[in-house]
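Please examine the structure below.

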Amino acid sequence: MLEKSNTSKKIFSTNKAWRIFINGGEDELDSKTFVAKLQDIANNYKTVYMWGTFGAPVTESLIAQKAKQYPSWYTASRQAHFLSLIGKGYFAFDCVNLIKAVLWGWCGDASKTYGGAVYASNGVPDIDADTMIQRCKDVSTNFTNIIPGEAVWCPGHIGVYIGD
């Protein structure tokens, strides 16, 4: 249930599971498994925040493509930084696309365009952070009982609480 609030940060619970659709049927990725996948990415892969990316290896063509798509964000200094990461095993994500990459099957395969993720697969649509929170159940501004696996949101950005 969405609660109206004067604050911008919200969390949600989806009955402790992320719902995805596999092979024509509904399946669940429980919060514990989802958090473990996120922690695996954080602990075992070199990652960088690049707007509009969902797990692609950092390449010159990716940087050029995203700079053309989002020219005001991909400044010359950011592009220079990203270019310095080429060939060093970095994967690029932004906030909402890290969530979607996991739900789309990201596996860290540097030989694949999106690190193994398959765009808009598993019944998970390509939506932005604000649309994602709108589709969530039990949205609240009360962080007292937040549990790992719940989304944390502010306008334009979303992440996942993984615990203390």
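**Terms and their grounds**

Q: Why is Ser-140 called buried?
A: Ser-140 has 14% relative accessibility, and buried means under 20% relative accessible area, exposed over 50%, partly exposed in between (1.4 Å probe, protein chains only); Ser-140 therefore counts as buried. The model is predicted: local features need pLDDT of at least 70, side-chain atom pairs count only at pLDDT 80 or more, and totals for chains, interfaces and linings use all residues. Residues are numbered from 1 along each chain as its sequence is written, and side-chain values use heavy atoms, with hydrogens and water left out.

Q: What makes Lys-100 and Asp-126 a salt bridge?
A: The closest N and O atoms of Lys-100 and Asp-126 are 2.5 Å apart. A salt bridge requires a side-chain nitrogen of Lys or Arg within 4 Å of a carboxyl oxygen of Asp or Glu, so the pair qualifies. The pair joins distant parts of the chain, 26 residues apart, with Lys-100 in helix α4 (residues 95–103) and Asp-126 in the loop between α4 and α5. The structure holds one salt bridge.

Q: Why do Lys-100 and Asp-126 receive their accessibility terms?
A: Lys-100 counts as buried because its relative accessibility is 2%, whereas Asp-126, at 40%, counts as partly exposed.

Q: How do you know that Thr-53 is buried or exposed?
A: The relative accessibility of Thr-53 is 2%, so Thr-53 counts as buried. Its side chain also reaches the backbone oxygen of Ala-92 at 3.2 Å.

Conventions:
A polar contact is a pair of N or O atoms within 3.5 Å; within protein, one must be able to donate a hydrogen and the other to accept it, and residues adjacent in sequence count only if both atoms are side-chain atoms. Helices (H or I, at least four residues) and strands (E, at least two) are DSSP runs, numbered from the N terminus.
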